[in-house]
Every structure is written in structure tokens, then in C-alpha cells.
Amino acid sequence: MELLLGVLAWPLAILGMIFLIAGAVGMTRLPDLYTRLHAASVTDTGGTLVIGLVLLLYAVFVYGSAMVAIKLLLIMGFTLFTAPTASHVLAKAALLSGLVPVDGKGEPLLESSEQATQLGRSRPDASSAVQEKR
Amino acid sequence: METFIVGVLLSFLVIIAIGIIVLRDLLAAVILLGVYSLIAAGAFVVMDAVDVAFTEAAVGAGISTILYLGALRFTTDRQKPRGHDSLPALLFVVLTGALLIYGTLDMPHYGSATSPAQTHEQVAVRFLEVSGDEVGPPNIVTSVLASYRGYDTLGETVVVFAAGIAVMSLLGLRRRRPQQDISDDERAES
Amino acid sequence: MLFSVIAIALLVAMLLTLVRALAGPTAFDRLLAVNSFGTKTVLLIAVAGFLMGRPEFLDIALSYALINFLGTVAVLKYFELPDPDSGHYAEDDY
């Protein structure tokens, strides 16, 4: 049992730590907000879920407590939904405020911040309607 | 290991505090204050003060951030450049800090088994043994807060409630949105 | 041992995130860093609970996850809402 736990938990933990560190390094090194969002998402969903899985293994096999396992599952499930939502809201708010995405060389991908705002307001189906109203 | 984690968290706190002082962007300072509360609360959890951590997270990271943001909406988010000499203020702050640190020297050490609360022969034992029958809740902290020092807690709650009402009346209760909408429509028509 | 290693990795990741929170440059970058930092705090509290052999601390981790999300959305709402004096408000924005 002890061996099985170690064999299962250590690789998962190392994977989770790779997610954590890679996301954090990406957050300091990438050029603009939109690319940093990708890096942060790796940590927020990947790292949380994998490390949560490690803790879940210990909660079930070492502590044998259903309550602890349920709380862990709640945290993991909640993070699974809120982290992408927060990223989306953040990206949309940044676009609406006119923050222009840049490419790898630092060149802006859009011509003006108004274009970014327009992009933030557009929706797949209703964008033309919005255009007409303005 | 716990000592190490608490030490690292406390050094994060120092870094953030310096960052808040240096930054001129007040919105960034408010956001960093939220992180500050979060880290402080994490340190409280690691030091076993779970109830304090709960309060710190809810009040520090939650409510006070939102109140600061509400205040910023009515002012500007740039700090004014200071024209005056801040040396007396610095001296005063350093003096106050030194006094506070001097005050902590009298307190029992963290986790000390010989602190007065542990060695007093009646108080701790009484709470541990009788509170279940006298008050009811299985959590002794709850029964101390809500019953043994209930008047104290009532006073605190009244103060917090009054402060909340005052802040709400300062920030949130002015309704100007309807007027604005009318003027917007008129502008669109003309 | 396992939990100590995870805790140290979390602290390193927190430090890197903190660098982004202090460096900025825009408020959105800081907000992203704060959100990510909050997630790491949730994980750290959960791991610390297991490290000390008291996994009941997960209650706090759970409530932090909630506060973290709400805080981010609340601050972004501040960006969305117009200045009270400018009189400009776009209904389509949200």
C-alpha cells in the first residue's frame, strides 16, 4: 500500500510541480498580458488539479476521511470552473480597455486601441447588430 | 518546515509592503493590499490561527479591497506628488514601530507552553471541560466568542455595523444613473 | 517529504508570481498575478494542512478559492463601470 501510494503520488506531484513552475516562469517571461494569461492558466487549472489529485490520494488512502476527500473534490471542481472564467473576464476587460496584443518581437498585432475595444465588444453572432446600433 | 513556510511568507509580506510604498498607482496598491491580506492569512493558517485567518481573508482580501475600489471611483487613482519634507513623518512612524515591537517583547513566545493562558489553573480547564454543557457548541472558540465574552462581541459587531453604514452612505447610496441615461438619450437624439 | 517538496515548489512559484504583481506594467497584469497568487495560496494551505497532519484546514482553502474568484471579478467590475462624472455608459459592454 505504501509502495503503491509512492509510485502513484510522486510522478503526479512532479508533474504538478512542473505545471506550477512552468506557469510561474511563463508569467514573468512572456511579453504581454494575453500570453501571460496562458501561462497563468497552466498553473491555475493544471497545477491545482494534479496536486489536488495527489492530496486526494493521501486523503483516501492515508487518512481515510470521506469529508476531506469531498472538500478536496469541491476545491478542484470549483477551480476547474472559476479559473477559466476569471481568465476570460480578465482578457475581455483588457480588450475593452484598449490593451493591444503584441507578437513575439513586441510588434502590436492591432492598429489602434480602439480596434482592441471593438474586438472586445464583438460577439460571434451579434457583432453586426452592435455595429449597426453605434 | 512550518517555520520555514512562515518565514518565506513573512518575507513576501515585507516585499509587498515596500512595493505598495514605492508604487504611485493607487489601483495597483489596492490590488497589492489584497495579496498582502491573502499572504497574511496563509501565514495565520500555517501558525494554527484558523479563525483569525478566516477573518483576515474575508475582511482584508474581500471587503476592504472592494471598499477601497469604491473610494477610488470617486477620486483619482494617481497619488499626488508630495511637495513637503516627509522626514518628521518617517521619524514618527519609526518611533511608533519601535514602540510596538518593544510592546511585543512582553508577550509570551509563539507556541509557548508557559504563557499565562496555558498555566492559569482554572480558566483553560474550565472552558475545556464545562463549555460543552454550559453553552453547547463543540468548538470552544465559538462558545468563548459568542457567550463568555458575548458583550464584547456585541460591542464589536455594533461598531463594525455603524462603520459599514457610514461607509455605505458615503460611497454607494447616491443615485445618479437615471439622470445620466436621460442626458445620454437626449444627446443621441440631437 | 512529498508535501515539503510541493510546498517549496509552491513558494518558488509564488515568488515568481509576486515579481509579476510588483512589475506590472498594467493593472490587468497585476490582477492576473493576484488571481494566480490566490490559487497558489489555496494550494499552499491545503498542502500545509496535510504537512501538519491536519487536513481539516481545507475549509479555509475552499473559502479562499471563493473569495479569490469574487475579488477578481469585483476589481474587473471597477474597470467596466464608467467614471461617475463622465456620463458615458455602454450597455452592450456587459
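Among contacts in chain B between residues at least 6 apart in sequence, what percentage join residues at least 24 apart? The figure is 48%. Keep it in mind as we walk through this complex, which is a predicted model.

**Two chains side by side**

Let's begin with chains B and A. Chain B is built with 9 helices and 0 strands, and from the N terminus on its elements read α-α-α-α-α-α-α-α-α. Chain A has 5 helices and 0 strands, running α-α-α-α-α from the N terminus on. The table sets out some values for each chain.

| Chain | Residues in the chain | Buried residues | Share joining residues at least 24 apart, among contacts between residues at least 6 apart in sequence |
|---|---|---|---|
| Chain B | 190 residues | 17% | 48% |
| Chain A | 134 residues | 34% | 54% |

**A pair of helices in chain B**

Now look at H2(B) and H3(B). Two packed helices are described by the angle between their axes and the distance between the axes. For H2(B) and H3(B), the angle is about 175° and the axes are 7 Å apart. Angles over 145 degrees count as roughly antiparallel, and therefore H2(B) and H3(B) are roughly antiparallel to each other.

Which residues meet here? From H2(B) come, among them, Leu26(B), Val30(B), Leu33(B), Ala41(B) and Phe44(B). The residues they meet in H3(B) include Val52(B), Ala57(B), Gly60(B), Tyr68(B) and Leu72(B). Sorted by class, the contact of H2(B) with H3(B) has 17 nonpolar, 4 polar and 1 charged residues.

**Where chain B meets chain C**

The helix H3(B) will turn up again here. In this contact, 33 residues of chain B touch 33 residues of chain C. On the chain B side, at least two residues each come from helix H1 (2–22), helix H2 (26–46), helix H3 (50–74) and helix H9 (177–189). H3(B) gives the largest share of that side, with 12 residues. The classes on the side of chain B that touches chain C are 22 nonpolar, 7 polar and 4 charged residues.

**Where chain C meets chain A**

Chain C also touches chain A, in a contact that takes 38 residues from chain C and 42 residues from chain A. H1, helix H2 (27–51) and H3 of chain C each supply at least two residues of the chain C side. The largest share of that side, 12 residues, belongs to H2(C). By class, the side of chain C that touches chain A has 26 nonpolar, 6 polar and 6 charged residues.

How many other C-beta atoms lie within 10 Å of Glu56(C)? There are 13, so Glu56(C) is partly exposed. Ala46(C) is 10 residues away along the chain, and its C-alpha atom is separated from that of Glu56(C) by 8.9 Å.

**How confident is the predictor?**

For the complex, the predictor gives an ipTM of 0.79 and a pTM of 0.78. Chain C has an average pLDDT of 79, and 84% of its residues score at least 70. Among the elements of chain C, helix H1 (residues 2–23) has the highest mean pLDDT, 89, while helix H3 (residues 58–80) has the lowest, 81. Over residues 84–94 of chain C the pLDDT is below 50. Beyond near neighbours in sequence, that stretch has 15 contacts in the model.

Methods: Residues numbered from 1 in each chain as written. Chains lettered and ligands numbered in written order. Predicted model: local features only at pLDDT ≥ 70, side-chain atom pairs only at ≥ 80, totals over all residues. Helix = DSSP H or I, 4+ residues; strand = E, 2+ residues; numbered from the N terminus. Buried ≥ 20, exposed ≤ 12 C-beta atoms within 10 Å, placed from the backbone. Contact = placed C-beta atoms within 7 Å. Nonpolar A, V, L, I, M, F, W, Y, C, P; charged D, E, K, R; others polar. pLDDT = per-residue confidence, 0-100. Axes fitted to C-alpha atoms, helices over the stretch in contact; angles between N-to-C directions. Parallel < 35°, antiparallel > 145°, perpendicular 65-115°, else oblique.
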